[in-house]
Amino acid sequence: MTTDGRGRGGGRAFLGMPRARVGGGGRAAGEDRAAGDGRAAGDGRVAGRARAGGEDPAAFPPFPEAARAAVRDERLRANLRHATSTIRDKRARAVGELADWDRLRAAGKAVKDHTLRHLDHYLLQLEEAVTAAGGTVHWAADAAEACRVVTALVRATGEREVVKVKSMATQEIGLDEALEAAGVAAYETDLAELIVQLGRDRPSHILVPAIHRNRAEIRDLFRTEMGRWGRPAPADLDDTPAALAEAARLHLREKFLRAKVGISGANFMVAETGTLVVVESEGNGRMCLTLPETLISVVGIEKVVPTFRDLEIFLQTLPRSSTAERMNPYTTMWTGTTDGDGPSAFHLVLLDNGRTDTLADEVGRQALRCIRCSACLNVCPVYERAGGHAYGSVYPGPIGAVLTPQLRGTDSGIDASLPFASTLCGACYDVCPVAIDIPEVLVHLRERIVQGGPVTRGGVRVRIRPARGHAAERAAVRAARRLLDRPGALRAGERLLARARRLGFRPHRLPGPGRAWTETRDLPGAPAEPFRDWWARERGG
Amino acid sequence: MRVALFVTCVNDALYPATGVAVVRLLERLGVDVDFPAGQSCCGQPQYNTGYRYETEPLLRRTAAAFAGYPYVVTPSGSCAAMLREHYPRIGRRAAAEGRGSELAELADALAPRVYELTEFLVDVLGVTDVGAYFPHTVTYHPSCHGLRSLRLGDRPRRLLAAVKGLDLVELPQAEECCGFGGTFAVKNPDVSAAMGADKLRHARATGAEVLCGADNSCLTHLGGMLRRQDAPLRTLHIAEILAATQEEPAR
């Protein structure tokens, strides 16, 4: 189901693999998750793991290294190719139906930009409205603080288990791990998150976290793992979407009916009314948001919109962009608490965790417009081949490559490699429903890495030094500029090249960084003379 | 009509035949072509890799080289996009950093005069039949910058379709990137090669003899992979097809 992550086609065959989806997940409290962690790199998964307080970037190899393994994993490639191309075509059709798509996109961008420019105002307005409606608002500066707040709230209820709506924000902060450490079992109830949880796996897509798994793998997982967390899957379970969905439905029903605490994120928060919105496909979200006595929602501060009417835009652009649906099956809205209807206690935890720092960057801040639709993942040729795990973050794909290095900084190998994990082909920008110019932000972050520059960290403006490992490249670029800025020298270089190639110098393999080119590609043939010599001879220039 | 040819450094050093083809094609269409010798590299690879400051001297040089020409024509979608989109952006960033408006003024004065070759032919000269002859089966790969930055649309395909003797076949999943991406090709060689292999698989499935593009940098990547496949397919810049005639066939 969804949340930040947003709905996915419940039971619909919209994405090749998990087809059926219903929800649910489970894991016994106190289980040592790390025990099952040593996944074979051969299936495209990498070693890193969420932890309380968020993922540890140091646990992930740089992108090119992780991608190398994924590219060679034929099954992963086939799963991803099938899934992304299916949703890509469907999205294009769903968006093509709307004559005013470009205007909706511009309106969404404008609303988000306006809200971000006045974020302080709208957050205070939201707090007031939520409080007036019977909710309690908590402010969390970072992942650790958010985890502490939520853990304390759950403990205060005396409960030892919670049901969860799919939420990117709670994954970002490693909430499940924090709760586990506090002796609380957090059951994921979104079908794909259930698959991830049962497999002690990592999500690889914002909307479809188990996109790297095919139906046969999921059936095997259900058969072997479900019984360890609750109601087992039928012994004769097959891999048809309906059978998988039914097994998950029965397994999860137990959790829904028993849980006294629900934890969610939100797709939107309305400042004027204090209303939170979760958009989903499976109905597990509706269960988690209405059945428990206590509801705790952890939401990034950029999810606020000023007015209820603003939802008109996003409730059109989000489903079409993410699941390629005109309208998602379930849209749950709640405003504080209502006597005798739904949870009697509601807590909203507003999460910063690097967002205010990101907001301070005038180029990078547009990434905060993101509504987590995942359209950019589905059209990205790099994501399709590298898979989501290579991005070393709960936010994979093009949006992850611009969001993660801003939220986490660029100190680690993975974070410093993410902005380079793109050909800048621009397909992501084309489909983005809030017009985030992802290539522009990528180039901006590359600049930060190779040249250093001003960034905001913890609210303080600092100047970061160029990342390690780019010194030789920097020197080469500087030398090239000196050559290119003097046509006489450039011409001499071109002639030297032509002469060397005429004399038969055409290496099959280059040394050093050039090897990455000649591993798979020949060098172009040598011309007899550069163009400028032809021009001088033929046109007397 | 007088135009300045911005041949680009890649074509100057590695693909002079593309530059020669542009000159012959434009002259055949009655255009007076000049080649300002002060031109060099536009700085795209440096800029896209994060070296904005190293790009600024090249912006100045390029702007000076083409000052005064009403049209600057280039046989590269990505270099055209660099001059048109990124130069003004570099100028604005410099101004925002308190370094004056000089770069912004140079960039803004240059950008509107820059045309990618097929755009110049169709939009400025108003021709789609350029009188070319090329008796081969051709499939066209629309490079990303031409497709999504410049929005060249079907201009290249209309030009190719009007070439006498040419059989144009559609490339499946044409709009997907070939995997070159400048320094991406060496920073992420595995993903780059995987994308290139898929592009070539689609191109070979068309049965075409020629994989045509409007950006020689993408064709360097694809052609370099093709040469290791021993395939009955070769890469060729669109300018060389459009310049070809019965009397002067393409290479």
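Trainee: Which helices of chain A do the buried residues of H2(A) pack against?

Mentor: In this predicted model, the buried residues of H2(A) pack against helix H1 (63-71), helix H12 (311-322), helix H14 (375-379), helix H15 (381-386) and helix H18 (427-431) of chain A.

Trainee: Which residues of H2(A) are buried, and what makes a residue buried?

Mentor: A residue is called buried if 20 or more other C-beta atoms lie within 10 Å of its own. In H2(A), that class holds A:Leu76, A:Asn79, A:Leu80, A:Ala83, A:Thr84, A:Ile87 and A:Arg91.

Trainee: What span does helix H2 of chain A reach, and what is expected?

Mentor: Helix H2 (residues 74-96) of chain A has 23 residues. The expected span is 1.5 Å times one less than the number of residues. From first C-alpha to last, the helix reaches 33 Å, close to the 33 Å expected.

Trainee: Why is A:Gly525 called exposed?

Mentor: The cut-off for exposed is 12 or fewer C-beta neighbours; A:Gly525 has 11 inside 10 Å and therefore counts as exposed. A:Gly525 is placed in the loop between helix H22 (515-518) and helix H23 (531-538) of chain A.

Trainee: How many residues does each chain give to the contact?

Mentor: Chain B gives 52 residues and chain A gives 48 residues. By class, the chain B side that touches chain A has 26 nonpolar, 16 polar and 10 charged residues.

Trainee: What is the mean pLDDT of chain A, and where does pLDDT stay under 50?

Mentor: The mean for chain A is 88, and 90% of its residues reach 70 or more. Over residues 1-48 of chain A, pLDDT stays under 50.

Technical notes
Residues numbered from 1 in each chain as written. Chains lettered and ligands numbered in written order. Predicted model: local features only at pLDDT ≥ 70, side-chain atom pairs only at ≥ 80, totals over all residues. Contact = placed C-beta atoms within 7 Å. Nonpolar A, V, L, I, M, F, W, Y, C, P; charged D, E, K, R; others polar. Helix = DSSP H or I, 4+ residues; strand = E, 2+ residues; numbered from the N terminus. pLDDT = per-residue confidence, 0-100.
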